[in-house]
Amino acid sequence: MSQHVHYQAEVKYATISGATSGNNTVVAAVTGKRIVVLSYTLVAAGAVNVRFESGAGGTALTGVMSIGANGGIVAPHNPYGWFDTAVGALLNMELGGAVQVSGHLTYQEVA
């Protein structure tokens, strides 16, 4: 994870929608940039384990988070970022089962 630096990059928004067991791309990779997640909300249609990763099947950015049926997680705005990908890596949401997980996030692309 990056050191605590307040980023001045533009804040961007992404929709989270995945239902494939395994890899689900949330934000595409950007050449020369890392994706810094500032906030996110997840809601699961059924019980499922969720983990954010740097790259598809890549480095874990969070621990495995267990969400119950119709449950969710909210990580409020953190100006320093909750986690960030490696430079040039996509933000992946790994699901432990084929369950619909939806939500949204705010992020910045930082060199």
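1. Val 36 stands opposite Gln 108 in strand β10, where strands are DSSP runs of E of at least two residues, numbered from the N terminus. The pairing of β3 (residues 34-44) with β10 (residues 101-110) is antiparallel and extends over 10 bridges; two strands are taken to pair if DSSP finds at least two bridges between them.

2. On the basis of the model, which is predicted, local features need pLDDT of at least 70, side-chain atom pairs count only at pLDDT 80 or more, and totals for chains, interfaces and linings use all residues. Residues are numbered from 1 along each chain as its sequence is written, and side-chain values use heavy atoms, with hydrogens and water left out.

3. Strand β3 also runs antiparallel to β8 (residues 83-84), to which two bridges join it, and Val 37 has Phe 83 as its bridge partner there. Four bridges, again antiparallel, join β3 to β7 (residues 72-75), where Gly 72 is the partner of Val 43.

4. Because 10 of its 11 residues are buried, β3 is largely enclosed by the rest of the structure; buried means under 20% relative accessible area, computed with a 1.4 Å probe on protein chains only.

5. Asn 24, which lies in strand β2 (residues 22-27), is likewise buried, with a relative accessible area of 8%. The side chain of Asn 24 reaches the backbone oxygen of Thr 20 at 2.7 Å. Leaving aside residues up to four places away in sequence, Asn 24 touches Gly 18, Ala 19, Leu 91, Asn 92, Met 93 and Leu 95, a contact being heavy atoms within 4.5 Å.

Key: Buried means under 20% relative accessible area, exposed over 50%, partly exposed in between (1.4 Å probe, protein chains only). A polar contact is a pair of N or O atoms within 3.5 Å; within protein, one must be able to donate a hydrogen and the other to accept it, and residues adjacent in sequence count only if both atoms are side-chain atoms.
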